[in-house]
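Me: I would like to go through this structure with you and ask, term by term, what each label rests on.
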Amino acid sequence: MSRSVLQPSQQKLAEKLTILNDRGVGMLTRLYNIKKACGDPKAKPSYLIDKNLESAVKFIVRKFPAVETRNNNLAQLQKEKSEILKNLALYYFTFVDVMEFKDHVCELLNTIDVCQVFFDITVNFDLTKNYLDLIITYTTLMILLSRIEERKAIIGLYNYAHEMTHGASDREYPRLGQMIVDYENPLKKMMEEFVPHSKSLSDALISLQMVYPRRNLSADQWRNAQLLSLISAPSTMLNPAQSDTMPCEYLSLDAMEKWIIFGFILCHGILNTDATALNLWKLALQSSSCLSLFRDEVFHIHKAAEDLFVNIRGYNKRINDIRECKEAAVSHAGSMHRERRKFLRSALKELATVLSDQPGLLGPKALFVFMALSFARDEIIWLLRHADNMPKKSADDFIDKHIAELIFYMEELRAHVRKYGPVMQRYYVQYLSGFDAVVLNELVQNLSVCPEDESIIMSSFVNTMTSLSVKQVEDGEVFDFRGMRLDWFRLQAYTSVSKASLGLADHRELGKMMNTIIFHTKMVDSLVEMLVETSDLSIFCFYSRAFEKMFQQCLELPSQSRYSIAFPLLCTHFMSCTHELCPEELLPKHCAKTISQAVNKKSKKQTGKKGEPEREKPGVESMRKNRLVVTNLDKLHTALSELCFSINYVPNMVVWEHTFTPREYLTSHLEIRFTKSIVGMTMYNQATQEIAKPSELLTSVRAYMTVLQSIENYVQIDITRVFNNVLLQQTQHLDSHGEPTITSLYTNWYLETLLRQVSNGHIAYFPAMKAFVNLPTENELTFNAEEYSDISEMRSLSELLGPYGMKFLSESLMWHISSQVAELKKLVVENVDVLTQMRTSFDKPDQMAALFKRLSSVDSVLKRMTIIGVILSFRSLAQEALRDVLSYHIPFLVSSIEDFKDHIPRETDMKVAMNVYELSSAAGLPCEIDPALVVALSSQKSENISPEEEYKIACLLMVFVAVSLPTLASNVMSQYSPAIEGHCNNIHCLAKAINQIAAALFTIHKGSIEDRLKEFLALASSSLLKIGQETDKTTTRNRESVYLLLDMIVQESPFLTMDLLESCFPYVLLRNAYHAVYKQSVTSSA
């Protein structure tokens, strides 16, 4: 296209630059993913590692880009051709897209040269920035392409498969193959390619001479200038922060360094002729050792530049410059950037503090905010990039333990901008309509020449700004100035070409004014985009190891833990690193894992093994001689309070499509940790059957809860909800994760350990003490039963397990009773005929004696009934403790239930009465009929036995027990002890067993409990009176102690009376029996 034909205004430079820059980022994303996939054995295309195709791949790469299909190495390829075409198409056409992108860029660069476009970053900012961005994107793309080692294999394989399938190479292959070969060394090739573009590129770069050195100052220079300080000059605090180069003030330093280093490599000739260019280049080379190409791909600038210049004649001076700059970068860059970060921490802290107190200053000082964000972002990215790419000797400069603080203050500023967006809108809407529109109108009026097209655009700017009003902000109207900004971009292109009627180079004030106006429009409609532009740290997504290391370091350093929320907040940036040309990246891959790392991590220090340290006395942590002395507990408390500040900082954050709520995260982890701690504090050892006393556990749990309660002072969470969730789960058999709870652990321990030892004769129930007590035996038990079963321990157990847990304990106890009753029924069935006769012969002593001798398993019946009695005695302790606890916590409700129970009319239907009893039992109140026992025994009904037969067996069971009582008198252990109000072999528990079993069985079978107990009393009295006539001292050894059982049975029963007993068994015998056992007790004591 000849220059005479070319019409600059018709070339749409602004539109092409915008589209190509966006497409370039998309192409970089796709190439980056191809490179990563090829570098990962799991993700690499299978054809590249298939042993059967290995020889074919090597042949294709060796001959590339030539195509020779007649070769024996390609035989296997014939079989796989269709699959190769299908699976490598995405890779192949990505390379084709890169080639087409290159063609469009080259065409646009040629057009720009032909139009002789004027570039100056301080005047036509958008045009110059987009031009330089495009060149860097293009350069980066070609470098990244050259780093994909498998590119020849992929392109070659696809083309050979295409050739074998369609009989010809793909139409794009010849040009694509040649491009791959040409750009083996991309920068060398591009240095040749950019010779005709040197003038335009060097002009654009040299326009940075005022901007880049001003941005690349030391921390001391920033400090002396009081950069970013709102309070250094109080009198000007309300004045708007202004500059002739507004967009350059927050321009990325990282981007400028890439422009300068890559740009001057491509047009290196200017370095020998222009001192300004050389100074810019050397300054950039001294600031960094590597540049970020894309994401975590870096470019080592000094070595690459030296390798490129070493073969160019007359460039020894430039090579020496590179080496000097490299030495300076290695020696001083780390410390310079470290000091910058140190300054920025204090500057951003001051800025965030002032703005949180006076958010109205966000209006006039918005520029300061975005400058601060941009400066901090550049320093963080610089550190991240160099931490893994610097020599070990200078590693200290690249480990920043306070990086979290800097990121935190950035997030605080970002939060202020988002929160007070309407404040900024209100300020800048008035600024645009009341000042900018007037000044721009005057500038346009004073233009000596203003063509019609340019005049129309300028007038539209003025009209747009003039029409703005504060009411639009108050009404919540959505502003959109994108069209206005694009028009200004177009206008820059129109007025920057040579021979333009209105040359922007001659009207610099207009350009600077418009750049300021564009910044003001962004403050109204593009605050979120501005935050992304100036403070996006999504690059952390690709430095996950560094991210985790920094996060962990932050949590371990007490002074930084309060800023640890900065790292989860960084994850909200990750979405901005994706691109629509690579939609598969929209799936969250990195953030969820990163957030969950180390939030509740605790550092564990191993204790030394030098001998046992002296144990500290309780309360020593509270003793202080000097308040200045900071104990370890103080340090831990401070660290946790700082961490709580971090967790409480934001209510929630959105990462990809997920909302993360730090407080809920803390709550869920507190629940998990509290659950584990409660179970852990039981100290249950299954091997040794050791467990903590309930009172000890209760004290520990209350102490734990007190500490957790204090968290509410630091974090806005409902700790009561945590308690309710955890403690309620602990009242069930298993928690929500299917793990054992304290209810199951204690239930298991009391049943399998304590009560089993009672059955074995090692422990006895002492009614006087209301506790189980160890008996002196040869084998000492590992625990003291009294310490687990006295009234205080049972109350503690009730506090811990609550009504639900105690109900589970009761049900477990009843299950054991029901299994004993089942065995008793079997023994009754074995003796059914004898027992039937004995039931009707109790008034015939001789016949009874004969029948008794025919009974089998008499001792077993008594032993099993005693076990039942022991279990019921333990349950009564548990129920009494539960009643005491509930009476303390809910006295009015318990008294209402008690009143309800005590006033059930006798004629009430049994189902209704059982419902009342069930309610009463749940509150720990004693009932005439135990509902839990009724339920347990009801489940035993056999299908093969009729209800009448079941009832008969129940009656005979009572007969069996009654006639078996006299045999207890011969047992040495049956002696009654007044001190404990019971017998050492626990036969006093028979009273409870007989009454409750009878009540339950005859409730189930709808018999008369009172009648059956009268029958039992008659049989038992008759049998016991018989041993009064015995002369054998062995048989009657503890006759008086056994007599007392009758009194205990009647005392225990709500259905029997002493008058009834008197009619069966003379009271004088009971009185004499009591006298005898007490006398014997005194004698034994003496």
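Me: Which helices each supply at least two residues of the lining of the second largest cavity?

Reply: They are helix 4 (125-146) and helix 22 (508-525), helices being DSSP runs of H or I with at least four residues, and strands runs of E with at least two, numbered from the N terminus. Helix 22 gives the most to this lining, with 4 residues. This is a predicted model, in which local features need pLDDT of at least 70 and side-chain atom pairs count only at pLDDT 80 or more, while totals for chains, interfaces and linings use all residues. Residues are numbered from 1 along each chain as its sequence is written, and side-chain values use heavy atoms, with hydrogens and water left out.

Me: What makes a residue part of the lining of a cavity?

Reply: A cavity is a set of points, on a 1 Å grid over the protein atoms alone, where a 1.4 Å probe fits but cannot get out, and a lining residue has an atom within 4 Å of a point. Phe125, Asp126, Pro247, Tyr250, Trp488, Asn515, Ile518, Phe519 and Lys522 line the second largest cavity. Its volume, the space filled by probe spheres set on points joined across faces, edges and corners, is about 60 Å³.

Me: Why is methionine 210 called exposed?

Reply: Exposed means over 50% relative accessible area, buried under 20%, and partly exposed in between, with a 1.4 Å probe and protein chains only; methionine 210 has 56% relative accessibility and therefore counts as exposed. Methionine 210 lies in the loop between helix 8 (198-206) and helix 9 (212-215).

Me: What makes a set of residues a nonpolar core?

Reply: The members must be buried Ala, Val, Leu, Ile, Met, Phe, Trp, Tyr or Cys residues, joined through side-chain atoms within 4.5 Å. The largest such core has 359 residues, of which Phe264, Trp281, Phe370 and Phe772 touch the most other members. Helix 3 (residues 75-115) gives the most to this core, with 17 residues. A second, separate core of 5 residues includes Ala764, Phe766, Val773 and Ile980.

Me: How do you know how the protein compares with a compact globule?

Reply: The radius of gyration is taken over C-alpha atoms, and the globule rule is 2.2 Å times the number of residues to the power 0.38. For 1086 residues a compact globule would have a radius near 31 Å, but the protein has 46 Å, and its C-alpha trace spans about 145 × 85 × 65 Å along the principal axes.

Definitions and conventions
On a 1 Å grid over the protein atoms alone, a cavity is a set of points where a 1.4 Å probe fits but cannot get out, and a pocket is an open set with protein on both sides within 12 Å along at least five of seven lines; lining residues have an atom within 4 Å of a point.
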